[in-house]
Structure formats: C-alpha cells, structure tokens
Amino acid sequence: MGIPATELPRIMKSVPEVDEWLVLETRTRRMSRTLGPAGSREVVGHSLVALLFRDSETGRGATRVDLTGDDEAAARAHLAAAAQEATLAVGPGWVLPPPAAPARVEVADPEVIGNLAGVVGEMSAQLAKARGLKAVRAELAAELTSHRVASSHDFASEYDETRLSFDVTLGGGSRLFGAGRRLRRSGLLEALERAATDDRARAAARPIEPATYDLLFGAAALAMPGFGCFAPLVAQASGERIRLGLSRYRPGQKVFPRGGDDFTLVSDGTIPFGLLSAPFGRLGEPVRRFVLVEDGVAVDAALDLREGALAGVPPNGGVRNLVLSAGGESAATLSAPGERPLLTIRELAWLDADPLSGDLTAEVALATLDRPGSSPAVVAGGLFSGNAFELLGRARRSRESGEAGWYRGPKALRIDRVEVVR
Amino acid sequence: MPSLSRREVLAALAAAGAAPLWLDCRAAGKPAAPGAAATAGRPVSDLHQQLRRVVTDLERSFAIATALAEVGSLRRVRIDEDSRAVDEEHAASLVLAASDGASWFEQATLDLSPGGIEEAAAALAARGRSGRGGRRARVEATAPAGRMRLDPRRTELARWIDRVARLHDRTRGLGGSRIVYRAAALEVEDRDRVFVGDGRDWTGRVVRSMARVLFLAWDGETLLSEEASRAGALGLEATEMDRDRLEAAVGGALSLLTGRALTSGEHDLVLDPSVAALVVRHGIAGGLLADDWLGGGAHAAGLAGKAVAPAAVTLRDDPGAAGAFGARGFDDEGWPAAPAALIERGVLRGPLTCRATAAALQLPRTGHARRADAVGAAAPRPTHLELAPGPTGADELIASVKDGFLVESGISGRGDARGWRFAVQARRAREIAGGRLTGRSYGPVVLGGSVAALLQAARAVGSQPQVVAWRDPEPLSVSAPHMVTRAWLGRGS
C-alpha cells in the first residue's frame, strides 16, 4: 500500500538540501463500453509525484520523483536520491509564488460521481435508441478524476472533475466524437441527430471539384481536437516560448499579417462545466480568465506556475476554453454564396495545424456546395492548405453565437478564396 | 553579418516552421517538469510471479484471461548553446482482460503494487461467471532487448549527458557562420513487458533510443531549420551519428536560404525517403488498419486482393525487424511479432489486425494490437513499416523525370482512411527539368490527395532505404527509399 499523499508534506520537510517542493496527486476511475467488438473496461489510475527544487548560484535545479505505490521508507530513499540529482539539470532561478485561491468553477456532475457504470449504460441506451443509425464501432466512456496539490508554502487544494466521451462510427461512414462533463449535456444526442442526416447525405455525395471556394465552418467543425485552427495561436501564446524568444509575436504586437482588427480571443477556464475548465492547473496555480488577443493584438501569455514566476506576474493556468468575439454579419448573410461557390463544411476528416508556423492542411469529409441559382449538392473529399494566421486574419464571423466542446464563439465563420484540391 | 544573440536567433524560429528540440521532446499534452528523476519500481520477477497467480485464478471464472504489464521510463537529455536539461517520465501499467466467450472485460490499473494488482483482479473477477474456465498450459518465451553496446540501465546519468554534449560539440563548425544555432538531444525509452495468459507466458524488454541534432541557418532576414536524427532499438550509441548525416542536415538548412514560393498543381515527383516515409505512414498504411475497415467504411477495404500499384511496390509491417525503433517481441495482446504483408508486388493483401478486428472481419490475426497510453482499448497500429527497395539509384530516378520536383525533408502528415486520402508537409521541393535538378528550390510545400491515385501513378522505388522514426503518439518507424510518382504539390503557406 502506497504512502497517502497527505503524509508526504511531513516527509518532504525532512528531505535535506531541498529549497521548495510540490506534491501532485491524481486518482482516476474510467468506465467504458465498446461496440464492434462488444466489451467493457474499467481503468483505475493513481499517480503521486513530487517536484523538488534546489537553488544554487547558477539557478534552480529541478527533479521530478514518482512515488506512486512507495511506502514511507522507499519514498524517503527516492526523495534523498532525487535531491542529489537535481543539481544535474539547472535552469533560470525562480521561486514559488505566494499561494492564491483556486478558481471557483464546477467541473464535476453529481449525477456522474459514483455512477460511472450507470452513466455509460445510459449513453449506450441513447445510442441503441437512435433510429435509423447503425453503429459499426463505438466507445462510450465516463471518467472521474480527483486532483490534489500541496506545496512547501503550506498550501493544499483539491477538486474532482467528471468527463463523458463518445467516439462512434456509423455504417454510412460518418464519425461522431465529442466530450462533455455532464450526463444531461454530453452532446451525444445532438451528435447522433447530425450524424443521421450526414449519413444519409453521404450516400449521395459526389467528389469535390478542384476550384477556389468560400468556406463556411460551424461551431462543431471549428472545435476540432487540440484547438483546431486556433492551435498556432495557442502555441504562440505559451509563456515559455515567449520567454525563449520562440514566439512569432510578443504581447503588444499584431498577431495577423493582415486583417483581424476586430478579432478578440479569450481563454476562460472558469466556464461552469467547461470542457477545459479547472480550479487549478497542473502545478497547482490558480486558473484565471485572460485575454490572448484583443482587436488583433497579442495581450497575455499562457503562464503556469513556473513561467509566471519567471515572468514576475501571477500565473493563469494556461490556455483553456476559447471564447472568440462575434462578428458584424448575420449567419444568414455568411451562408449565402457570392461570386464563388460556397462550401459549408459539415465534417472535416482532419485539420492539422503546425503550432509554430501556423501552416495547416485539412481534408473535407463532407460538405454542402451552394452556387447561386443551383440547388445545394452534397460533396466529399477535398484538401485545402494555408496558414492559420493568414486565414483567421481575414475570416468573417457571425453575430450569432454557438458552442461546441472547448469553443465558444460565432456559430458561423467564413473564409473566402480558399483553393480546394482533390 | 552582425553577430546574433541566441535570443535574436530563436525569435525568428517560428518562420522556419521547425520545432526546437526542447519543445518537440515533450510528450503530447503532457509537458514534463524539467529535471532529473530517480528510479522507482518493484522487481519484474516478483511482478511476473504475481501475474501468473492472478491469471490462474481468473481462468477459473473466464474462458480466457490475460495480463499485460509494462514498467519503464522515458528519459530525455537536451543540450544547446548555453543550457542543458534532463527529464524523465516513469510508467507502470497493467491490463487484465478476460472473456466469457461472448464479451471481453478489461480492468486496467497504474498501481502495480501487490495490493493494487489484487484489487484490479478482484474487480475483474466480480464481473465473471464461475465455472466456465480452467487453467491452460502456457508456452514460455523471452524477448530480450535488441543488441546494445551501451545499455542505458548500466550507464550513469552523467555519462548520458557527456555523450549528448559530445554530439553537440561535433556540430560546431559545420556549415560555417551561416549556421547560427545548434542543439543536440537524446531520448531513451526502456520498458520491461510481461504477458501471461491465453496459452502464453512471455517477458520482454524494449529499449528505443532517438538522438537528434537541430541546425538553424540565417540569411539576414529569415531563420530556417533542418535536423539530423538516428533512432532504433539501440542504447546510448544512438548519439554516434556519422558525419555524412550531420553534413546532409547542414546542407539542407543552407539550401533553404534560396527557397521560393511554388505554383500549385499536379506534378511528377521524386519523394526523398523522409517524405516517402510520411506518405507510407499517413497515407498508404493509414488506410490499412482493420478498425477502420469495420463496417466497410475504409476506401481501401473495397480494394483488398486487387492491384492498387505497379509490381515495384511492396509494403509490409514487421514488428520483429532487428534493431527497428518500432519493433517489439509481442503485441499488446500477447500475440507474437511477425511480418504482415500489406501490399505485395502491387496487390493489396489486407489490413493490420488485432484480436477483435480479425475476428470481426474474419481475417488472419497479424499481431499489431496497440493500447493507447498503455491502458486504452487495443486497436491495430503499425510498428515498423518497410517499403521494399528497388534496383534504381536516386540519381537515376531523378533522371527518369522529365519535368517535376524532388520533394525533400518531410515535416508531418495526416491521412483519412474513409477516402484513403492524405497530406504531407515538407520543407522544400527542388525543381527538375529534363531529368536534372535546375538548382531552384521552393518551400515549404504540401503534397496530397488520393492515396489510390498516388499508388497507381508510382513508377519506381529507389535502392537505398532510410529509416525515419517517431514517437507521436506511439513508437513507429518506417524504412523507405526514394519513390517516383505523381501527385498534387502546393505551397505550405
């Protein structure tokens, strides 16, 4: 039986030659059910890690020690050895900031806690009831994770979070995936409805003709995993990159080569039950709402505990849910084709954005093609590439709002003059 | 040229589209705290004995019961012009799986203490029906790590740092003053694996090492990058990179100084091994995974048994390839490593499978089960892909192209099995006219489109394969030579 995390602070105080420390504990329980083939699984995880810091004239040495499953004697031995090794990896000097209150945000659904198997059962029932849909492969999961942090500044905090996720492939080839925190807002039912429509449409889809199109994205298409087309903006806002001189812009500088003068992007980890919301970040720093870009100009950097200390400012827990400012046009206006055909993206097979350069490629899995004077047609299979900074800088955004996963913002985003190839 | 500070040099890195080693070396989504870490763990022999008992007990309640345990670490050392960093991640995982003949039940835990394992076994047993099973005889085998000259477990940390420092020292002076920045890194994964059940009792050790060097070139306005790497089932000798490899990377970085924007379109292309490897990984093999074939959703599923490429094209996955970065002795379901033919002399043979997908598709089990994050659901994934070389040297392949491009230095790629389509980003394309390189370079570039069309248009493969390796998200290596084909090529940005 491993040492309880609550006992570690007592032990840490007696480890010689350690100037400051953090203890991080995570306990996870995940239930899932699969189809194609049928099965069920439970994953139980526990991680207990200590970060030790030793200061010298040349800077701060750091060590990370995994103490999961250690009894007290083993933990003491590992900590003593780690304290010696800390001198081998020295970076710039910094100190832990004074403790600050975590964000007050709900991220655990009481209906899910203690009822993971029941929740997965209910999601399975929703899938089974969806009329006209045949799932050839599915994974439905419910997860409860408990986080605890303690520091040498006599600070300790903990919170629970719940997460429901689904990944379903239908017989017609449509794939729906998503995640949420609450049973009643998992997004599965909405995704099933959309997929049913898409599955029928896919059967009649014809290949996309290579041409220059105007592209229209809804909230679901924008909320791709890993921040989708916003990934380069998120990466450039990293406090570490900015400190090392690796970011293409610094706070106060324009983000886009052209346009984007009304583009404002906020990181908000305090949205109740937001997919990326949390009271505190990975090193125990409080999560705060902050502005990444305001009217096209970089404002704040993403700062964990260390980067905040190195920058001499309070940390903010890093980039979380993204909130994009509304535009000046209605969704109906943006949905109308102009001089070029309009491709309304129903599903992207992938969107791959290089976080450093912003170069991206994306494959259109399913779209609706609108030409003035013609009936809409369903099309599939087209590749486009570009640069996220250039594309977002000239994107047109709707007044109306939508949300999906980590994304909050315009329900429609249109980018004109994009070459699509086959 | 004014002398540049490190900060000024690095400030232009984003324009080069290259990731600095110290940022690339972080596991996706899990940035590691800097520092060296002490080792921890229970003796593997002790763990093995307990798993044997646990599986025997489970076999009383289930028709089949298995246990897969992995214990190990991933350590990284990074050195650049004025700093050094060491970090280490430890991993311990156990997946207990059991079937009652109709469904499979799995219980996974990251707590490999005796109590943690007993708890997981009890939770799984509670889902069983009694009296169906019985102990099965097990064949024992050991899959040792590949031959290593410098075993990471027997080498103290200071020596690791010294080897990376010496690799970094070797880069000094290469490329002259136009190379303004150099960095070196070593990443070593060292894991013990135990599988018990379903008639097998296997242990193995997997050691994978990857050494990388980054060069940045400066033309007064723009910073451009190129890297050299060496990866395999090696020990610390991975840092012994030959001078040719380093000079090739330097030459590549310097050639980018004259890159220009490309006009998009379909072209005859010679793909260098790094680009061909990305096409193989994301495009070709990306459509040949059995979980995508379920329900007939994958485009390639309708082409099984048909000629999809000229006879010059043969592709297989060989998890037992000696010294390969992606190699391992048995898969995550305990199935033995064996080569699987994907495309044989142009004919599509079939996908990679795991236990469940092989049963569902009524195909042979190829033993390519991989569990995401060690405890996720098993799905078929490639390990070490090999595009068989041909008889023709690279110079002859270029000479065979009247007008087109030599695409070099692959960066990344993506693919979609449903349409069997792909896209690969590369650092540059060199113009070919009349079978000769004109000296004009363009970059960065993207090639993409239909995999089926690219395969049909493939004309030849080169005679000198090179190996490219990645760890995102799972360890994978590809051995690929040059390849001549036709596809859409456009600007990267």
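This is a short tour of a predicted model, with stops in chain A and then chain B.

**Stop 1: chain A as a whole**

Start by selecting chain A and switching to a cartoon view. Its secondary structure comes to 10 helices and 21 strands. The radius of gyration is 24 Å, close to the 22 Å that the globule rule gives for 422 residues, so chain A is as compact as a globular protein of that length.

Now look at how chain A is packed. Of its 422 residues, 59% count as buried. Among contacts in chain A with a separation of 6 or more, 69% come from residues 24 or more positions apart.

The accessible area is about 16600 Å², and carbon and sulfur atoms account for 52% of that. If you colour by charge, you will be looking at 50 positive and 53 negative charges in chain A, whose mean positions are 5 Å apart.

**Stop 2: two phenylalanines in chain A**

Select A:Phe227. You will find this residue in the loop between helix H5 (219–222) and helix H6 (231–236) of chain A. Its phi is positive, about 75°, although A:Phe227 is not a glycine. Is A:Phe227 buried or exposed? Its relative accessibility is 15%, and with the cut-off for buried at under 20%, A:Phe227 counts as buried.

Then move to A:Phe273, in the loop between strand S10 (265–268) and strand S11 (290–294) of chain A. A:Phe273 is not a glycine either, yet has a positive phi of about 60°.

**Stop 3: a sheet in chain B**

Over in chain B, pick out the six strands that form an open sheet in the order S12-S11-S10-S15-S22-S21, with mixed pairing. Which strands stand at the edges? They are S12 (347–348) and S21 (466–470) of chain B, each with a single partner strand, so one side of each is left without a neighbour in the sheet.

Zoom in on S10 (residues 315–317) and S11 (residues 340–344) of chain B, which pair in the antiparallel sense over three bridges. Strands of a sheet pair through backbone hydrogen bonds, so show the backbone atoms here. For one bridge to inspect, select B:Arg316 together with its partner in S11(B), B:Ala341.

**Stop 4: a cis peptide bond in chain B**

Finish at B:Pro444, in the loop between strand S18 (436–442) and strand S19 (445–450) of chain B. Show B:Gly443 as well: the peptide bond from B:Gly443 to B:Pro444 is cis, with omega near -10°.

Technical notes
Residues numbered from 1 in each chain as written. Chains lettered and ligands numbered in written order. Predicted model: local features only at pLDDT ≥ 70, side-chain atom pairs only at ≥ 80, totals over all residues. Heavy atoms only, no water. Helix = DSSP H or I, 4+ residues; strand = E, 2+ residues; numbered from the N terminus. Rg over C-alpha atoms; globule rule 2.2 N^0.38 Å. Buried < 20%, exposed > 50% of the residue type's maximum accessible area, 1.4 Å probe, protein only. Contact = heavy atoms within 4.5 Å. Areas by Shrake-Rupley, 256 points an atom, 1.4 Å probe, with all protein chains shown as cover. Lys, Arg positive; Asp, Glu negative; His and termini not counted. Charge placed at Lys NZ, Arg CZ, Asp CG, Glu CD. Pairing = 2+ DSSP bridges.
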